[in-house]
Amino acid sequence: MISTNPLRVFVHVAECGNIRDAAERLHRTPSAVSMTLKQLEQDLGAPLFETDRKSLLTRFGRDVLGVAAEMLRAHDRALEHIDDLASGRQGRLHLASVPSVATELFPKLLADFLEARPGLMIELIDADSRGVQALVADGTVDFGVAGPPAPSSGLRFEALFKDPFRLVCRSDHPLAQRKTPLEWSDLADTRIIGNDAASMIAAQEYHVLVAASMLKARSVISLRALVLAGAGVTLLPKLATLSLERDLVALPLADPEAVRTVGVILREGRSTSPVCKAFLKVLADACHIR
């Protein structure tokens with residue numbers, strides 16, 4: 001088999017019309033270039049040049065030049081593409097995230113990430129924590145950002161930040177006038193709309209209140225709509241309350257343990273692509289600053 005190196009030497013000599021100039025371009029000695037050409041002609045079984053001066057191609061040489069030049073261009077483009085993939089400048093990135101991170105944290109990060117990598121394709125799926133974990137587990141996405149999975153799930157969790165819960169209610173609700181953090185006892189006569197994110201709150205008082213309300217929703221959009229309609233109040237992570245509707249307010253809780261831990265979810269034992277590693281570093285840096 002003929003490697004690309006002698007073909008590249010041949011193309012340069014053909015373009016320069018002599019060995020000396022080609023040797024300078026290739027940063028090699030004229031004798032080394034001459035020996036490479038001689039070996040190439042022996043391997044091909046036919047002369048590429050009419051004379052030893054290498055100024056005139058044979059008919060065979062002209063045909064080989066066209067094929068070799070095209071092949072080398074394709075070869076170089078392929079190597080550049082591989083280098084882009086290895087450095088994370090190109091490729092595909094599939095990720096899933098809980099809605100609050102997808103809407104509040106990811107837009108700016110992804111926009112900046114794509115600006116530096118115009119050849120990259122990214123697909124973002126938003127789902128609740130259980131949905132994100134399922135997407136990572138079945139390989140649909142490269143990684144997810146959500147709450148911690150069960151220890152026996154076969155998933156690896158790397159914490160990014162803690163996000164305290166807030167009580168979300170209408171601005172005309174009596175609790176909206178409170179100037180101090182809310183105790184669980186303050187919610188005794190209030191219907192609390194349950195949701196999966198808040199189910200990780202450890203306080204037993206919260207779970208008793210939710211069980212009594214008989215109302216639960218999964219999506220943040222539905223929860224906000226129910227609160228706006230006067231169906232009750234709900235608890236959402238602070239990140240999910242940064243862009244509330246005008247008639248809604250988010251109030252702090254006195255319970256310091258009413259927080260969620262958000263982190264990266266990866267499949268155990270599965271390697272990550274260069275582009276995935278690059279974005280995970282950007283994400284970790286952003287959360288550290290946050």
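Trainee: Which helices and which strand each supply at least two residues of the lining of the largest pocket?

Mentor: In this predicted model, they are helix H5 (99-104), helix H7 (129-137), helix H9 (220-228) and strand S6 (233-237).

Trainee: What is the volume of that largest pocket, and how many residues line it?

Mentor: The volume is about 600 Å³, and 32 residues form the lining. Val 98, Pro 99, Asp 128, Arg 218 and Val 220 lie nearest the centre of the pocket.

Trainee: What makes a residue there count as a lining residue?

Mentor: It needs an atom within 4 Å of a point of the pocket. By class, the lining divides into 15 nonpolar, nine polar and eight charged residues.

Trainee: On to the helices. Why are H1 and H3 called roughly perpendicular?

Mentor: Helix H1 (residues 4-16) and helix H3 (residues 30-44) pack at an angle of about 110°. Roughly perpendicular covers 65 to 115 degrees, so H1 and H3 get that label. Their axes are 9 Å apart, and the crossing is left-handed.

Trainee: Which residues of H1 and H3 make the contact?

Mentor: From H1 you have Pro 6, Leu 7, Val 9, Phe 10 and Val 13, and from H3 Val 33, Thr 36, Leu 37 and Leu 40. That contact divides into eight nonpolar residues, one polar and no charged.

Trainee: How do you know how H2 and H3 are oriented to each other?

Mentor: Helix H2 (residues 19-26) packs with H3 at about 105°, with the axes 8 Å apart. The range of 65 to 115 degrees takes in that angle, and H2 and H3 are therefore roughly perpendicular. Here Ile 19, Ala 23 and Leu 26 of H2 meet Pro 30, Val 33, Ser 34 and Leu 37 of H3. The contact holds six nonpolar residues, one polar and no charged.

Notes
Residues are numbered from 1 along each chain as its sequence is written. This is a predicted model: local features need pLDDT of at least 70, side-chain atom pairs count only at pLDDT 80 or more; totals for chains, interfaces and linings use all residues. Side-chain values use heavy atoms; hydrogens and water are left out. On a 1 Å grid over the protein atoms alone, a cavity is a set of points where a 1.4 Å probe fits but cannot get out, and a pocket is an open set with protein on both sides within 12 Å along at least five of seven lines; lining residues have an atom within 4 Å of a point. Grid points are joined across faces, edges and corners, and a volume is the space filled by probe spheres set on the points. Helices (H or I, at least four residues) and strands (E, at least two) are DSSP runs, numbered from the N terminus. Ala, Val, Leu, Ile, Met, Phe, Trp, Tyr, Cys and Pro count as nonpolar, Asp, Glu, Lys and Arg as charged, and the others, Gly among them, as polar. Axes are lines fitted to C-alpha atoms, for helices over the stretch in contact, and angles run from 0 to 180 degrees between N-to-C directions. Angles under 35 degrees count as roughly parallel, over 145 as roughly antiparallel, 65 to 115 as roughly perpendicular and the rest as oblique. A crossing is left-handed if the near helix is turned anticlockwise from the far one by less than a right angle, and right-handed if clockwise. Contact means heavy atoms within 4.5 Å.
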